[in-house]
Amino acid sequence: MRNQLKSWQRLEEHQREMVGADMRDMFAADGGRAQAFSLEWGDIVCDFSRNIVDATTMKLLLELARECRLQQRIEEMFSGVPVNVTEGRAALHTALRCRDKLAVITVDGVDVMPQVRATLEQMRGLVNALRSGTWRGHSGAPINTVVNIGIGGSDLGPRLVTRALEHCMGAGAVRTEFVSTIDPVALQRLLARLDPATTLFIISSKSFTTRETMLNAAAARAWLCSAMGEAAVARHFVAVSANCEAVAEFGISADNRFAMWDWVGGRYSLWSAIGLPIAIAHGMEVFDQLLDGAYAMDCHFRTASLEQNMPVLLALIGVWYNNFFYRDSYALLIYDNALRLLPDWLQQLDMESNGKSCTCSGHGIGYPTAPVVWGHIGIEGQHAFYQRLHQSPVFVPCDFICAASVGDNHYPQQQRFLLANCLAQAEALLKGRDGATVRSELRAAGMDETKIAALLPHRIFSGNRPSNTIIYNKLTPHTLGALLALYEHRTFVQGVIWDVNSFDQWGVELGKQLAGTIDMELSGEQISGHDPSTTALLRRCIDWQQG
């Protein structure tokens with residue numbers, strides 16, 4: 001058990017010494033703190049100096065990482081060892097973006113890189129055909145809209161990147177839409193805006209049995225066939241799946257199936273053919289640059305010392321707050337509108353990966369694992385939930401993320417003020433505002449002492465609230481690839497520290513099974529085996545549906 005390790009116990013002792021530490025005093029005592037507690041890699045700067053840590057903290061956290069054999073576990077993941085222990089699988093999303101043309105990466109004795117490279121070339125063929133207009137629909141019309149039907153990792157990753165890189169769209173751009181929810185209104189409204197003759201659907205499902213995805217796929221197929229006939233399916237559907245038989249049954253030819261593999265988890269899959277919407281929207285060259293950025297971060301993560309390793313240090317700081325300050329919430333504050341979906345993507349990545357209650361060997365865990373991940377666009381959050389961040393009695397660790405500049409910016413004043421707000425909010429969390437400052441400001445405004453005394457407690461906030469700040473020059477495909485890989489590796493490191501399997505998700509299975517049963521009962525089968533609340537609600541819903 002991790003909390004029995006010597007380094008863990010030393011961190012518990014150290015936390016009792018640090019609980020009253022004031023970061024403002026640390027900065028005053030050490031003029032080089034900002035430089036000592038920050039890393040610059042490529043065009044990304046990660047400043048972690050505004051954290052309740054000192055040199056001893058970092059030394060002990062790194063000792064914990066070593067005692068957990070982190071470097072060995074990193075090498076195992078990259079090498080194809082089955083680190084997904086409950087399913088006996090490798091977790092080789094890094095192979096999908098490996099740019100070394102001579103690399104050999106084996107799973108069960110088979111080099112997977114030829115398959116990866118072949119799928120990338122297959123993607124390139126489809127992307128070029130669609131963007132050049134040479135791929136024609138059943139009626140002979142060119143495709144102008146692509147709809148990705150998937151859920152979870154088959155939706156969030158490609159949706160995030162496609163939207164984030166809208167500024168990269170060039171000639172031949174194809175409109176790209178996403179459907180994940182099975183709320184019938186969403187699909188109905190989307191299809192009402194589309195022309196069957198010019199629409200291509202991508203069905204993204206590794207198993208090709210995911211209930212939500214296949215319900216939407218069947219509805220889209222029926223919509224197309226009602227307008228153009230069964231023969232149209234071959235020119236208006238492609239699939240990303242490992243299930244050859246089910247794809248063929250649907251009516252999609254083998255040439256239009258893009259491979260998926262057991263050694264790629266859904267939430268780590270945007271680098272595969274699951275990323276087709278990205279490449280179709282922006283071109284294969286942009287997708288290649290995305291892979292380049294992720295691969296560069298992979299190389300950094302795999303080869304840099306732990307002391308200079310950006311994903312490792314971010315992960316360890318998160319462990320420090322989660323397990324030694326017992327902070328079960330973590331906020332992602334985005335000052336780049338292109339990344340507005342990043343909190344959604346990270347929620348799945350982090351909480352589905354590490355929200356576990358037993359170790360890799362099956363023993364119960366006696367310490368917290370994944371905190372609740374949440375966040376939003378920062379400039380909007382300032383007018384919503386930042387009050388909680390600044391004045392609640394309990395601090396929430398935060399990551400601020402911002403671009404220093406944007407390409408082809410027609411509104412430089414807005415960009416400057418956006419950056420100013422990012423830096424100012426992080427500084428405000430650190431500095432706070434004490435009573436003497438508030439009193440002085442109110443006196444300068446001409447307020448009398450009685451009103452000052454009444455207002456004073458409401459306008460004080462303590463400060464000394466921790467945050468990381470991640471700033472990059474501008475959001476290019478390369479930078480975005482590196483940023484997403486950074487958070488993937490941060491998640492993996494924390495899984496190693498907590499001794500959990502970051503690559504399974506058994507916790508979602510029971511709800512899926514129960515949903516299948518309830519679906520049949522809503523269709524008329526006898527209700528049985530539920531708790532009283534579910535039974536009563538089921539009966540009420542059936543009454544309304546029949547009324």
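Helices (H or I, at least four residues) and strands (E, at least two) are DSSP runs, numbered from the N terminus. This is a predicted model: local features need pLDDT of at least 70, side-chain atom pairs count only at pLDDT 80 or more, and totals for chains, interfaces and linings use all residues. Residue numbers start from 1 along each chain as its sequence is written, and side-chain values use heavy atoms, with hydrogens and water left out.

Rolling a probe the size of a water molecule over the atoms shows where empty space is left. A pocket here is found on a 1 Å grid over the protein atoms alone: it is an open set of points where a 1.4 Å probe fits, with protein on both sides within 12 Å along at least five of seven lines. A cavity differs in that the probe fits but cannot get out. Lining residues have an atom within 4 Å of a point. Grid points are joined across faces, edges and corners, and a volume is the space filled by probe spheres set on the points. The largest pocket holds about 1200 Å³. Its lining has 44 residues, and Thr210, Gln505, Val508, Glu509 and Lys512 lie nearest the centre. Helices H10 (211-228), H16 (342-354) and H23 (509-522) each supply at least two lining residues. H23 gives the most, with 5 residues. By class, the lining has 15 nonpolar, 18 polar and 11 charged residues. Ala, Val, Leu, Ile, Met, Phe, Trp, Tyr, Cys and Pro count as nonpolar, Asp, Glu, Lys and Arg as charged, and the others, Gly among them, as polar.

**View B. The second largest pocket.**
The volume of the second largest pocket is about 340 Å³. It is lined by 17 residues, with Ala164, His167, Asp336, Asn337 and Ala338 closest to the centre. Helix H8 (156-164) and helix H19 (412-431) each contribute at least two residues to this lining.

**View C. Helix H8 and what covers it.**
Buried means under 20% relative accessible area, exposed over 50%, and partly exposed in between (1.4 Å probe, protein chains only). H8 is mostly covered, with 7 of its 9 residues buried. The buried residues are Leu156, Gly157, Pro158, Leu160, Val161, Thr162 and Ala164. Contact means heavy atoms within 4.5 Å. The elements covering these residues include strand E6 (175-179), helices H13 (276-282), H14 (284-303) and H22 (477-498), and H16.

**View D. Thr469 and its surroundings.**
Thr469 sits in strand E13 (residues 467-472). Its relative accessibility is 5%, so Thr469 counts as buried. The side chains of Thr469 and Arg50 are joined by a polar contact of 3.1 Å. Such a contact is a pair of N or O atoms within 3.5 Å; within protein, one must be able to donate a hydrogen and the other to accept it, and residues adjacent in sequence count only if both atoms are side-chain atoms. Setting aside residues up to four places away in sequence, Thr469 touches Val45, Cys46, Asp47, Arg50, Phe400 and Ala426.

A pair of aromatic rings is described by the distance of the centres and the angle of the planes. Rings of Phe, Tyr and Trp (its six-membered ring) pair if their centres lie within 6.5 Å; planes under 30 degrees apart count as stacked, over 60 as edge-to-face and the rest as tilted. By this rule the count comes to 19 aromatic pairs. Trp320 and Phe324 form a tilted pair, 5.8 Å centre to centre with 35 degrees between the planes. The two are 4 residues apart in helix H15 (residues 310-324), so about one helical turn separates them. Trp320 is buried at 0% relative accessible area. Phe324 is buried at 4%. Ring pairs link Trp8, Trp320, Tyr321, Phe324, Phe325, Tyr367 and Phe395 into a cluster.

**View F. Two loop residues with positive phi.**
Arg69 is a residue other than glycine with a positive phi, near 60 degrees. Arg69 lies in the loop between helix H4 (55-67) and helix H5 (70-79). At 42% relative accessibility, Arg69 is partly exposed. Tyr326, also not glycine, has a positive phi near 55 degrees. Tyr326 belongs to the loop between H15 and strand E10 (329-335). Its relative accessible area is 55%, so Tyr326 is exposed.
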